[in-house]
Amino acid sequence: MSNPAGVAAERIPRHIAIIMDGNGRWARERGLPRIEGHRRGSEAVRACTAACIKAGVSHLTLYAFSKENWQRPPDEVKALMNLLDRFLAERTTEIMKRNIRLHAIGHLDDLPANTRRRLDSVREKSAGNTALTLTLALSYGARTEITDAARAIARAVRDGDLDPDALSEETIASRLYTAGLPDPDLLIRTSGEMRVSNFLLWQISYAEIVVTAKLWPEFGEEDLFAAIREYAGRHRRYGGI
Ligand code: IPE
Ligand code: IPE
Ligand code: MG
């Protein structure tokens, strides 16, 4: 039985993580302001989310704003926060209609207070939805995430709640922002850059990586399906033979 992506249902990745890159280049190529690239990028999010549901992917995690992205010019940061706010305000109905559970990881306290409130409200409202868990990585940095986990573990040991000898990979995973989410099976990066830029460093240990030259604003359903087909054709060995 082949599904819309053209591969057998059992070869569909359960969790896809995407580094959505290339908004600025997309705009520059067209002589448009960078923010126009971000606006089109936020539309690509809608198409990609719908395509994941169609293909039967249950988890999609999108790198929307990194810890490092705060260093960009204040106008661009402000515009990105506004887009996030609008995304949350305008897409709630669609999120509910499509049965999407919205989730977020990162230093969410760094977000503007009104955006944070909106985010929490959509998360609460959609908590029982089951078609797709859509996780937005916001003010996210993987080294910060691992450092936060180390701090929490150190505290638990100090307080006598955790025996250092009992510490396992699961202990660490359960302290990461992604606790409860499966590890990504497929990591996609758009715009051709061959790097992970501090995204989900622990969780992508055995993810298959697909880098596409397509810039994020032009990444559509067919591109997602093509990445899924490439994934489905890979042989995941996990260190075996
Ligand atoms: C990705 O596009 C969006 C964010 C990082 C917020 P970029 O803005 O990084 O686009 P390029 O890399 O400059 O083309
Ligand atoms: C990674 O893209 C962060 C997001 C997609 C949100 P960047 O454009 O910020 O990463 P670098 O600068 O190319 O490493
Ligand atoms: Mg970039």
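What is the volume of the largest pocket? In this predicted model, the largest pocket has a volume of about 790 Å³, and ligand 2 takes up its space. This is a predicted model in which local features need pLDDT of at least 70 and side-chain atom pairs count only at pLDDT 80 or more, while totals for chains, interfaces and linings use all residues. Residues are numbered from 1 along each chain as its sequence is written, chains are lettered from A and ligands numbered from 1 in the order in which they are written, and side-chain values use heavy atoms, with hydrogens and water left out.

**Largest pocket**
- A pocket is an open set of points on a 1 Å grid over the protein atoms alone, where a 1.4 Å probe fits, with protein on both sides within 12 Å along at least five of seven lines; lining residues have an atom within 4 Å of a point.
- The lining comprises 33 residues, with M20, Y63, A64, F65 and N69 nearest the centre.

**Ligand 2**
- The residues around ligand 2 (a heavy atom within 4 Å) include I19, M20, Y63, N69 and R189.
- Strand β2 (residues 59-66) supplies the largest share of this shell, four residues; strands are DSSP runs (E) of at least two residues.
- Oxygen atoms of ligand 2 lie 2.6 Å from an N or O atom in the S197 side chain, 3.2 Å from a polar side-chain atom of D21 and 3.4 Å from one of R72.

**Second largest pocket**
- This pocket holds about 230 Å³ of space.
- Its lining has 13 residues, and E169, A173, D183, W202 and Q203 are the closest to its centre.

Conventions:
Polar contact = N/O pair within 3.5 Å; in protein donor to acceptor, adjacent residues only side chain to side chain. Sits in = over half its atoms within 2 Å of the grid points. Points joined across faces, edges and corners; volume = space filled by probe spheres on them.
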